[in-house]
Amino acid sequence: MSGAAAVAQSGGFTQPDPSMEHILDVDGVVVEIDGRRLLDRVSFFVPKGEFVCLCGPNGAGKSTLLKAILGIQKRTAGRIELLGKPVAESRRALGYVPQRKTFARDFPATAVELIVAALRGKWPLRVREAEREKARATLRRVGGEALLDKPLAGLSGGEAQRVFLARALVTDPALVILDEPTAGVDVKGRAEFLELLSEISRSDELAAILVTHNIAAIAKTAERIVYLEAGRMVAWGLPDELLGRAGLEAISHQHHGDED
Amino acid sequence: MLTWLTEPLAIGFMQRALAAGVVVAGLCAVIGVFIVQRGLSFLGDGLAHASFGGIALGLLLGVSVDHATWVALPFTVAIALGIGWVLRRGKLGGDVATGVFFAVSFALGVLLLGMRPTTAPPVNIESILFGSILAISPSNLIVVGVVAAATAIALFGVWSRLAYATFDPELAALSGVRVRALEYGLLAGTAVVIVVSVKTVGVVLVSSFIVIPAATARMLGRTLFGVAMWAVAIGMGAAAVGLVLSYHLNVPSGATIILTLGALFALALAIRQRR
């Protein structure tokens, strides 16, 4: 979504035009667990079709924010809305690709069952023909049509990644969230996957949030970066702004300024 | 050949043994699919030993071995929910949680048996530990049947959600599945199945009814439902074959059934190696 008008804000970072259609709103979100503040007043929004990268070092609060958006982490304060409604009310508008290490690889199931489970919201005892065709069409979009009837246990890392992406896309969501999707994948596989994702995001006007601690790997693909550090959003802007020397200094400056 | 099969079944206690054995085996097998898939194989053993504590408590309270089941039932369900609670806290592994509960409740059982007054009627500990499938009474059989029917209906009702939660609790929760309630339900259901099965196969051997059919079926089925069907068929088949074999060989029935299960497991392993 390069054509979007942009509004520059403090810190020299370019943020999306607030008049654009909002897919996800994160507004003043605070998460405290056992008295520790894991997220501190995080606010940003994702406009339609934008490919956002949620970055930050380990322990910055990325996973906590991700869980809060997914609705599996309670907020202490703040508001999170998907298409103007609480996430619990618009579940099908949200696709989720989990970290690969959490996949139960020895589960006796085929790719089509996994994809149909996302479609139905429960595990299929039997897959109907219409569901099968939907799963096949979605797998085709991610270049994995041949995987339809493959057992999950036999998939390579890259294949499993495509199947789980298809699983996230099958409900035709407005937003897809990916948690470190390229962890443990080689450089070539990572580049291919990011290219595929960026292409789908563009062609379908699908908003995406990719969570990673590796900002350099994603910089070419992302349209916007939300940068967290110690539970605070220290930058929200264009990749070039964050990767340049000035951007890094601004992060550092803003971060320390906030702490004073 | 046919008379070899039908001859033992002309006898009343053998008919009841076959009915109880086959139903208990099928019941344990289908529950076992979820237990094994969740990496909780040790749980069956733990809950069986916990049920021993419950039976001993019943005996101390002065009820008969048969009626002690009704004391063991809430006792074992409570232990199962306790293990579930510890599991959810996530600080201890399932094996550790089960190991602790298992040892403590078994020791409690031994202690309670020792506290019975010397005037109390003697108890056949061996039949509690190793089962007494040939001594199944018609009323035992009714209890087994009712529990089996209730479990089958409940499992059918939650199958799709339980399967999803077993595949990945996080993804299932995101789809709106109530994962925690299902987990506790599965643990409580397993406890009930184990308590009613203990009479048939005994405290020591019941977990093999849960683990072996499911472990064997996982090598044969491609989908979870397929695995469940294989597990039930393997469990029931082994129960019938083992029982008839034990009659002709004049050896203990429970042990013969489990050795039959073990042979089927080895066979499936060999088939998988050759594929």
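1. A117(A) is a residue of helix α2 (residues 111-120) of chain A; helices (H or I, at least four residues) and strands (E, at least two) are DSSP runs, numbered from the N terminus. The model is a predicted one, in which local features need pLDDT of at least 70 and side-chain atom pairs count only at pLDDT 80 or more, while totals for chains, interfaces and linings use all residues. Residues are numbered from 1 along each chain as its sequence is written, and chains are lettered from A and ligands numbered from 1 in the order in which they are written.

2. A117(A) counts as buried because 26 other C-beta atoms lie within 10 Å. The cut-offs are 20 or more other C-beta atoms within 10 Å for buried, 12 or fewer for exposed, and partly exposed in between, with C-beta atoms placed from the backbone. Apart from neighbours within four places in sequence, A117(A) is in contact with K122(A), W123(A), P124(A) and Y164(B); contact requires C-beta atoms, placed from the backbone, within 7 Å. The C-alpha atoms of A117(A) and V127(A) are 9.4 Å apart, and the two residues are separated by 10 residues along the chain.

3. The contact between the chains involves 20 residues of chain A and 22 residues of chain B. On the chain B side, the elements giving two or more residues are α7 (138-167), α8 (169-174) and α11 (224-249). Helix α7(B) supplies the largest share, 6 residues. By residue type, the chain B side comprises 11 nonpolar, 6 polar and 5 charged residues. Here Ala, Val, Leu, Ile, Met, Phe, Trp, Tyr, Cys and Pro count as nonpolar, Asp, Glu, Lys and Arg as charged, and the others, Gly among them, as polar.

4. The largest nonpolar core has 166 residues, and those with the most contacts inside it are I115(A), L175(A), A208(A) and A231(B). Such a core is a set of buried Ala, Val, Leu, Ile, Met, Phe, Trp, Tyr and Cys residues joined through C-beta atoms within 7 Å. Helix α2 (residues 12-37) of chain B gives the most to this core, with 15 residues. Leaving aside neighbours within four places in sequence, I115(A) is in contact with A135(A), T138(A), A166(A), R167(A) and V170(A).

5. Chain A contains 8 helices and 12 strands. Of its 260 residues, 44% count as buried. Among contacts in chain A between residues at least 6 apart in sequence, 65% join residues at least 24 apart.

6. An open sheet of chain A is formed by 4 strands in the order β4-β3-β6-β7, with antiparallel pairing; two strands pair if DSSP finds at least two bridges between them. Its edge strands are β4 (36-47) and β7 (85-86), each of which pairs on one side only. Strands β3 (residues 22-33) and β6 (residues 77-82) of chain A run antiparallel and are joined by 5 bridges. In β6(A), R79(A) is the bridge partner of D27(A).

7. Helix α1 (residues 62-70) of chain A packs on this sheet and touches β3, β4 and β6 of chain A; its direction makes about 60 degrees with that of β4(A). Axes are lines fitted to C-alpha atoms, for helices over the stretch in contact, and angles run from 0 to 180 degrees between N-to-C directions. Buried residues in α1(A) include K62(A), T64(A), L65(A), L66(A), A68(A) and I69(A). Just after α1(A), G71(A) takes a positive phi of about 85 degrees.

8. Most residues other than glycine have a negative phi. E180(A), although not a glycine, has a positive phi of about 40 degrees. E180(A) lies in the loop between β9 (175-179) and α5 (187-204) of chain A, and counts as partly exposed because it has 19 C-beta neighbours inside 10 Å. N250(B), also not a glycine, has a positive phi of about 55 degrees. N250(B) lies in the loop between α11 and α12 (253-274) of chain B, and is exposed, with 6 other C-beta atoms within 10 Å.

9. Chain B has 12 helices and 0 strands. Its radius of gyration, 19 Å, is close to the 19 Å that the globule rule gives for 275 residues, so chain B is as compact as a globular protein of that length. The radius is taken over C-alpha atoms, and the rule is 2.2 Å times the number of residues to the power 0.38. Along the principal axes, the C-alpha atoms of chain B fill a box of roughly 55 × 50 × 30 Å. Buried residues make up 49% of chain B.

How values were computed: Contact = placed C-beta atoms within 7 Å.
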